[in-house]
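Subject: Structure handover

Hello,

Please find the structure below, with the sequence. My notes on it follow.

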Amino acid sequence: MTDYTDYLARQVLLGKMNRREFMGRAAAFGVTLAAAGTMFDTAARAQEPKRGGHLKLGLEGAAATDSKDPAKSLSQFTFVAGRCWGDMLVESEPLTGAPVPALAESWEPSADAATWTFNIRKGVKFHDGKELTIDDVIKTLQRHTDEKSESGALGVMKSIKEIKADGDKLVLVLTEGNADLPLLLTDYHLVIQPNGGLDDPNAMIGTGPYKVASFEPGVRATFEKNADDWRSDRGFVDSVELIAMNDATARIAALSSGQVHYINRVDPKTVDLLKRAPTVEILNTSGRGHYVFIMHCNTAPFDNNDLRLALKYAMDRETMVQKILGGYGKIGNDFPINETYALFPEGIEQRAYDPDKAAFHYKKSGHDGTVLLRTSDVAFPGAVDAAVLYQESAKKAGINVEVKREPGDGYWSNVWNVQPFSTSYWGGRPTQDQMYSTAYLSTADWNDTRFLRPDFDKILLEARSELDEAKRKEMYHTMGMMVRDEGGLILPMFNDFVNAASKQVKGYVHDIGNDMSNGYVATRVWLES
Amino acid sequence: MTEAAGGNPQLSGLAGSGPTTQSPPAASPNDQGSFSPWGGFSRRSPLAALILQRLALSVALLFAVSLMIFGGVEALPGDFATTYLGQSATPQAVENIRKDLGLDQPATTRYFQWLGGALQGDFGTSWASRNSVSEQIGKRLGNSLFLAFFAALISIPLAIGLGMLAVQFRDRLADKVINVFSLAAISLPEFFVGYLLILFFAVQMGIATFPATVYDGMGFTQRLSAIALPTATLVLVVLAHMMRMTRAAILNVMSSAYVETAELKGLSGLRIIARHAAPNAVAPVINVIALNLAYLVVGVVVVEVVFVYPGMGQYMVDAVTVRDMPVVQACGLIFAAFYIFLNMTADILAIIANPRLRHPR
């Protein structure tokens, strides 16, 4: 076995195999996914990083309305920019998703996981030369807890009751125990700023590997290497340039003509054409984001579980992944968790397209007439096509789905989370607890399936403060089964993040945390001349 | 003249093009009654009176435009708070933003507050980025004008020259080639022209700069090389309209008696066109040029997106998507002002070129 995996690792080193192929072959040989991932990483990292050069990224998602304040960071552009100039307290391991130290060196929970103590790294300097202190950390977290900051991390910070210093240690007291707290602090809004950003939230001064040289919202941002960076294993290029490119064709043209080194959001419809370019490499990473069809469990006719099951069995998942994602994704199993999450519950049977079962449950539900599905192009890329595909596969089970196309303007305020059956998407969350708390807890604002189950809520809260991992995993298994079999969620697919880079770009890390190597792309890659 | 009636398809969708395209015959200055001071003034210097009148009308039009933009954005589903937060809108966050921006007040109050600020030259701050609107627009407008200027600099002389050539060689090969070529260019959607240019000059030959992003601290020659492809696209798009108008207008004049006289005097063809026919054909041509200039500033959003050029159009689209009212209003006003100004200039130039228009019967 070792000989074979060594061979695979060599192939990786020679650049003859990408991560997906490596994982596939290693898994076929009986290596577990996690172990294969680590091996691939070791092999890939055996290449010696080269320093220097000017890295150019063409990014979708920038707007003239982008804010420099990390609290208000919303776009893909500010997401990557924030990772360039700033650091969080904690980062997540790219392959396992486990929390790893960043500006916090180490941490310790209390027995009930409700009080956490963090040791803050010493000798770290901000770009303006000031040394990082415990006070900066506390002020930062306090600013994001304040409703007025409009911070995107407000939801995450709500569970923190008290932020205080104990000597030079940070102490966080939570409203209730939460075993996942360190992972919550990896949120990209929570960039540690001098004096918490209270003096000037838009200063873009942090502790990251690059200093901001210029930032023009919706146009361009440039960064210079931070010579005083506290870490040596990142920030390999001399300067970084982020260019706003909202047109998909413009991004592809810029990459294939060599004007930029990396682009995000490659359209699955054109990815095969781009693949033919000899200088370009497609980078696809499994993600936690998923496209969904959601039913309100408390609204007729969807308050009938047989109808919900019928609609779940009527979904042809394989076709969805092939047609809507161009194969760049994985099929879903009607609960919002996949194997990229820590403590993923294995052994839940995959639900497949089954017109007979669908027809059986449909008949049992006693529903008569059509089922109205609302959709829009903004729900997710290809949502209208997906709805029509679904209409076809449901017809084979004798279920008549009526597709209504809604205007994109106002879809999120008038249709999603308002109408009983619609299409939507979810980005991933750092932990299973976060995902379920955001959208499946009875009291959650975004409980878009109206999944109101006190028994589910109870297990969710118990799992949150459970420090024994085996027990937690068991609880997550139960919760997954409940959502899968009784919830209002039809989850046909998890979408891969599809990006592309010039072959000059080396050291790209496939990070399950989020798109674009979890936003760290510019700090992790180097340029081979 | 018949050929011009079809108009430029790309122009028909422009904001405000309706009322101002065919400069409506302004109420005659003489309507005021011959004893009023205005009547006397308008008789003594009809041109100045006309300009004053047009200016007053422009201000009224700008008010109407601002009201329409405000009403339009109000009517869109979802307000700034819900759209800005998108899927991540919690009732609490929405409430915070609304209160912060004063969105909880009635629409009329907000409009007059904004109007009060705008009258004092204060366009306020962008809701989304909290930056000064005037400052941001300054940069973007500069970029848009830079691109429009060079596109106009190339396309106007080229169009008029080609138009004259087409008249000189009318119904012969040169005329037909010019016609077919320019019609083909105008028939292709501008984004497609853009993509073709990118494909050939940037991707395959690698001689042109792409993307056309311009930024602070960029050298003048660098800027010129950055805008080469978008300028070429714009020239191709606006060329045909102006060229064909020139051709039609000159042909119209060519059938008149004095041209025949000139021919009989033995003057050369090009000389007749340039010295005798063209000056009398200038009014309709100026109108078309003004329209195309306005288009170059106001209507180039698609070209900006394709070439990743940070101009006004892109800025306004970004703002509309999140209902960033101060930015939308300011952009709309500037666009309308440009449109009105260019049309007014065209009218005035036409009047100067044709003294008969100065003395209405």
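The seven-stranded sheet of chain A comes first. This sheet is open, with mixed pairing, and its strands follow the order S8-S9-S10-S1-S11-S19-S12. At its edges are strand S8 (210-216) and strand S12 (280-285) of chain A, each of which pairs on one side only. S8(A) runs antiparallel to strand S9 (residues 220-225) of chain A, and six bridges join the two. Within that pair, Lys211(A) is found opposite Glu224(A) of S9(A). Helix H4 (residues 76-85) of chain A packs on the sheet and touches strand S1 (54-59), S8, S9 and strand S10 (239-244) of chain A. The direction of H4(A) makes about 170° with that of S10(A).

Please keep in mind that this is a predicted model. Its scores are ipTM 0.73 and pTM 0.80. For chain B the mean pLDDT is 80, with 87% of the residues at 70 or more. Residues 1-34 of chain B have pLDDT below 50, and in the model this stretch makes 46 contacts beyond near neighbours in sequence. Where pLDDT is low, the predicted coordinates should not be read in detail.

Chain A also holds a four-stranded sheet. The order here is S4-S5-S7-S6, the sheet is open and the pairing is antiparallel. S4 and S6 of chain A are the edge strands; each has a single partner strand, so one side of each lacks a neighbour in the sheet. On average, and with direction ignored, neighbouring strands of this sheet are turned by 20° against each other.

Two of the pairings in this sheet can be given in detail. Strand S6 (residues 160-166) and strand S7 (residues 169-174) of chain A are antiparallel and joined by six bridges. Glu162(A) has Val173(A) in S7(A) as its bridge partner. The hairpin of S6(A) and S7(A) has two residues between the strands, and in this hairpin Gly167(A) takes a positive phi near 65°. S5(A) pairs with S7(A) over five bridges, in the antiparallel sense. There, Trp116(A) is opposite Leu172(A) of S7(A). Helix H5 (residues 134-145) of chain A lies across S5, S6 and S7 of chain A and runs at about 170° to S6(A).

Ala113(A) is not a glycine, yet its phi is positive, near 60°. Ala113(A) sits in the loop between strand S4 (104-109) and strand S5 (115-120) of chain A. Each chain also has a cis peptide bond to list. In chain A, the bond joining Ala300(A) and Pro301(A) is cis, with omega about 0°. Pro301(A) belongs to the loop between strand S13 (290-295) and helix H10 (305-313) of chain A. In chain B, the peptide bond from Phe210(B) to Pro211(B) is cis, and its omega is near -5°. Pro211(B) lies in the loop that runs between H10 and helix H11 (220-226) of chain B.

The contact of the two chains takes 35 residues from chain A and 37 residues from chain B. On the side of chain B that touches chain A, the elements giving two or more residues are helix H6 (91-101), helix H10 (190-204), helix H16 (301-307) and helix H17 (312-321) of chain B. H6(B) gives the most to this side, with five residues. By residue class, this side of chain B has 20 nonpolar, 13 polar and four charged residues.

One helix pair spans the two chains. Helix H8 (residues 248-256) of chain A packs on H10(B) at an angle of about 10°, and the axes are 10 Å apart. H8(A) is therefore roughly parallel to H10(B). Thr249(A), Ala253(A) and Ser256(A) of H8(A) make the contact with Tyr195(B), Ile198(B), Ala202(B) and Val203(B) of H10(B). These residues divide into five nonpolar, two polar and no charged.

Another helix pair lies within chain B. Helix H8 (residues 133-168) and helix H14 (residues 269-277) of chain B pack with axes 10 Å apart, at an angle of about 135°. H8(B) and H14(B) are therefore oblique to each other, and their crossing is right-handed. From H8(B), Met164(B), Val167(B) and Gln168(B) meet Gly269(B), Leu270(B), Ile273(B) and Ala274(B) of H14(B). The residues of this contact divide into five nonpolar, two polar and no charged.

Regards

Notes:
Residues numbered from 1 in each chain as written. Chains lettered and ligands numbered in written order. Predicted model: local features only at pLDDT ≥ 70, side-chain atom pairs only at ≥ 80, totals over all residues. Pairing = 2+ DSSP bridges. Contact = placed C-beta atoms within 7 Å. Axes fitted to C-alpha atoms, helices over the stretch in contact; angles between N-to-C directions. Nonpolar A, V, L, I, M, F, W, Y, C, P; charged D, E, K, R; others polar. Parallel < 35°, antiparallel > 145°, perpendicular 65-115°, else oblique. Left-handed = near helix turned anticlockwise from the far one by under 90°. pLDDT = per-residue confidence, 0-100.
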